[in-house]
Amino acid sequence: MSKNFLKKTIIKNMRYLVKTKMNLGSEGNISIKFKNGFLIPKSGLNPCDMKIDDIVFIESNGHFSKSLKPSTEWQMHHNIYKERTEVSAVVHCHSMWASILSCLRINIPAFHYMVSEMGGIDIKCSKYATFGTLKLAKKVVLALKERNACLISNHGQVTIGYNIEQATHLAFALEKLAKQFYFCLLSNKNKLLSKKEITESLKLFSGYKSTH
Ligand SMILES: [Zn+2]
């Protein structure tokens, strides 16, 4: 796919996240792998005003054009691509329910079999670090270990995928699970799946193939 096509895809998906209230204004960011690096929007832009020239290319060694300041979380995206070579797209949101759970700093356990869609028997919440730092980037990579999604403490969520469609889908799926789990927490009567039950579900989801 051409560089311009991928830039347009980023803008289209960033606008979609604002339209669907997954992000507000310039919150969050999306990146897509390209050649030996990845493409990501400039810092602090509202997706409605984004143009093709506002998407920055960052090389695999972290270098980018001095004239274009990338999104504050570019190091998070950079570290994910470095550690997870199978990943082609990263979606980061400050969506309502995922952010609420992230402020509780708790992992989402196997309360629903769809938790396994995120690649593991639970969904981790990364340890807290200041936004835009390398420290946060490292903590997020740890929380994503053997997973396609995680919460980010007192911040939001991040999802990864083989392509942008998958990473975006998982962002919405995680938001839905976060909302469901929040109400389960309130009721205090939630019954969790056993390790055997969630592992069976996980096997069916392996290879990212869902027939549900
Ligand atoms: Zn953020």
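**Confidence.** I checked pLDDT before anything else. The chain averages 95, and 97% of its residues reach 70 or more. I then looked up residues 208–212, where pLDDT is below 50. Beyond near neighbours in sequence, this stretch has four contacts in the model. Where pLDDT is low, the predicted coordinates should not be read in detail, so I leave that stretch alone.

**Sheet.** I traced the strand order and got β3-β2-β1-β4-β7-β6-β5. The sheet is open, has seven strands and shows mixed pairing. Its edge strands are β3 (55–59) and β5 (125–126), and each pairs on one side only.

**β4 and β7.** I looked at how these two strands pair. β4 (residues 89–93) runs antiparallel to β7 (residues 156–161), with five bridges between them. I picked out V90 and found its bridge partner in β7 to be I160.

**Helices on the sheet.** I followed α2 (residues 74–83) across β1, β2, β3, β4 and β7. Its angle to β2 is about 155 degrees. Helix α3 (residues 96–104) lies across β4, β5, β6 and β7. I noted about 115 degrees between α3 and β7.

**α3 against α5.** How far apart are the axes of α3 and α5? They are 7 Å apart, and the helices pack at about 55 degrees. That angle makes α3 oblique to α5. The crossing is left-handed. I listed the contact: W97, A98, I100 and L101 of α3 meet residues of α5 including L174, F181 and Y182. By type, the contact residues are eight nonpolar, no polar and two charged. E175 and K179 are among the α5 residues in this contact.

How values were computed
Residues numbered from 1 in each chain as written. Predicted model: local features only at pLDDT ≥ 70, side-chain atom pairs only at ≥ 80, totals over all residues. Pairing = 2+ DSSP bridges. Helix = DSSP H or I, 4+ residues; strand = E, 2+ residues; numbered from the N terminus. Contact = placed C-beta atoms within 7 Å. Axes fitted to C-alpha atoms, helices over the stretch in contact; angles between N-to-C directions. pLDDT = per-residue confidence, 0-100. Parallel < 35°, antiparallel > 145°, perpendicular 65-115°, else oblique. Left-handed = near helix turned anticlockwise from the far one by under 90°. Nonpolar A, V, L, I, M, F, W, Y, C, P; charged D, E, K, R; others polar.
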